[in-house]
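Please open the structure in your viewer and keep the selection tool at hand. The tour goes from one selection to the next and says what is there at each stop.

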2 protein chains.
Amino acid sequence: MPQNIYDDDSFFSGYSTLARSVQGLEGAGEWPSIRAMLPDMAGRRVVDLGCGFGWFCRWAREAGATSVLGLDLSEKMLARAAADTSDPAISYARADLDHLALGAGGFDLAYSSLALHYLETLDRVMASVHAALAPGGHFVFSVEHPIYTAPSQPRFVTAEDGRTIWPLDSYLREGRRVTNWFAPGVVKFHRTVGSYVTALLAAGFTLAALEEWGPSDADLAAHPVWAVERERPPFLLVAARRG
Amino acid sequence: MPQNIYDDDSFFSGYSTLARSVQGLEGAGEWPSIRAMLPDMAGRRVVDLGCGFGWFCRWAREAGATSVLGLDLSEKMLARAAADTSDPAISYARADLDHLALGAGGFDLAYSSLALHYLETLDRVMASVHAALAPGGHFVFSVEHPIYTAPSQPRFVTAEDGRTIWPLDSYLREGRRVTNWFAPGVVKFHRTVGSYVTALLAAGFTLAALEEWGPSDADLAAHPVWAVERERPPFLLVAARRG
């Protein structure tokens, strides 16, 4: 089972201050790119793996989804998510993504935002999602980009000539990484872009899109401080189809 | 048209000393991984985009290919390739990969080793290869990995704590890069992993495999000096199918 860091008091307090926690999807820079990968929501049965505060679940319903199931390991996040809706077509449940037991073919879209890099292995979740999707179903997910998760010292530094560089190392050494992010000892798992793609293909998915997200010119006009994200991509966005 | 650096005397002399130039495919660390992506060669009509000295063309014939067409921009490399075979089923021709004019559906496998990063745009070559392949045909290629091509100063440095790091910057700034490699002013074009995948999918290909190559444990036992390649992948290997 992955570490349940989101229920740590310090982590939860810190995470709750992020723009994506306060403003929801519109506070997440990568949301327009993810939204462009999604199918029309009308009539879809949706499952959100790592739903957090439920922003996507509520958006999916407003966009026409028939039903939405939000799953998360964090009791605190699920409590807030449940308190923020009275829609009977949105359900929340506590779940360990390493051990999903979803009904076969019961969903048209599986969505996951910035959750899968907390899992030590991908094979189980990929197989579970594939089985849970109806034929033609969509799987759209984001993760911290492998360039972001790889380094032993994952922070920008200034080179001797003044350039801002991302000191990449250990990219091809997959496995556990421990960082301090709102709380000490946050555990995540580094794997390569190739490993994400290979796990998808091995589970039987067809790759539909792969984007290494960075800020657009319009993003930079609104958020000049995001410029450094062009040095290395913070997020990997992937869309796949069940054949 | 891409720069014809391989016909520069200094470049050609230097390049000719590489293990992959002297020993052929067995001198290229990534060859076993690429070979694993290839279909059975028996009966295949093969085109090699950027064939260099023709090592792959000769291997493909020995492995059962019916015919092999090797294309390259370098007259010096083509001359040596032509001198190294008398097989009537192997042909070589000078070609600019930006302006291919291959017969429609005339090939079962298109192969390209470390050539496409010299092209400013991918759309034309992807469309040309797709049209040149028969339905079900394979496209297998390698390029310098985008992490390798991105930086403004693409060489390992030693961090203050003694770690060897790859000083990544400009990953999301695609375009021209100029390096000194056997000759000054070698021009190549950086693009992201996402852009390679997007160009393939846009041309109508289905992605079959994507590997970010690094040395295996067996490779390191034989070549301890390759260990640094695990800090960042030198090559991106891709296999795709025409539907």
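A residue is called buried when its relative accessible area is under 20%, exposed when it is over 50%, and partly exposed in between. The model on your screen is predicted, and the stops below should be read with that in mind.

Because Arg124(B) belongs to helix H6 (residues 123–132) of chain B and Asp98(B) to the loop between S3 and strand S4 (107–113), the pair ties together parts that are 26 residues apart in sequence. Asp98(B), at 7% relative accessibility, counts as buried.

Next, select Asp87(B) and Arg61(B), whose side chains meet in a salt bridge at 2.7 Å, N to O. Asp87(B) is found in the loop between helix H5 (75–83) and strand S3 (90–94) of chain B, while Arg61(B) is in helix H4 (residues 55–62) of chain B, so this pair too ties together parts 26 residues apart in sequence. Arg61(B) counts as partly exposed, at 27% relative accessibility.

**A salt bridge in chain A**

Move to chain A and select Arg20(A) with Glu30(A), which form a salt bridge whose closest N and O atoms are 2.7 Å apart. Arg20(A) sits in helix H2 (residues 19–22) and Glu30(A) in the loop between H2 and helix H3 (31–37) of chain A, 10 residues apart. Glu30(A) counts as buried, at 1% relative accessibility. Over all chains, the structure holds 22 salt bridges.

**The hairpin of S8(A) and S9(A)**

Now select strand S8 (residues 175–179) and S9(A) together; five bridges join these strands, which run antiparallel. One of the pairings to look for is Thr179(A), whose bridge partner in S9(A) is Val186(A). The two strands form a hairpin with six residues between them, and in the turn Phe182(A) has a positive phi of about 70 degrees.

Is S9(A) enclosed by the rest of the structure, or open to the outside? Five of the five residues of this strand (residues 186–190) are buried, so S9(A) is largely enclosed by the rest of the structure. In a regular strand the side chains alternate between the two faces of the sheet. Both faces of S9(A) are covered, with Val186(A), Lys188(A) and His190(A) buried on one side and Val187(A) and Phe189(A) buried on the other.

**Where chain A meets chain B**

Finally, show both chains and select the contact between them, to which chain A gives 35 residues and chain B gives 35 residues. About 2600 Å² is buried between the chains, and carbon and sulfur atoms give 58% of that area. Between chain A and chain B there are 24 residue pairs in polar contact. Strand S7 (164–168), helix H8 (193–202) and strand S10 (205–213) of chain A each supply at least two residues of the side that touches chain B, and the largest share, seven residues, comes from S10(A). By class, that side of chain A has 17 nonpolar, nine polar and nine charged residues.

Four salt bridges are found across this interface.

For the last stop, select S7(A) and S7(B), which run antiparallel and are joined by three bridges. Here Leu168(A) stands opposite Trp166(B).

Technical notes: Residues numbered from 1 in each chain as written. Chains lettered and ligands numbered in written order. Predicted model: local features only at pLDDT ≥ 70, side-chain atom pairs only at ≥ 80, totals over all residues. Heavy atoms only, no water. Contact = heavy atoms within 4.5 Å. Buried area = accessible area lost by both parts, 1.4 Å probe. Polar contact = N/O pair within 3.5 Å; in protein donor to acceptor, adjacent residues only side chain to side chain. Helix = DSSP H or I, 4+ residues; strand = E, 2+ residues; numbered from the N terminus. Nonpolar A, V, L, I, M, F, W, Y, C, P; charged D, E, K, R; others polar. Pairing = 2+ DSSP bridges. Buried < 20%, exposed > 50% of the residue type's maximum accessible area, 1.4 Å probe, protein only.
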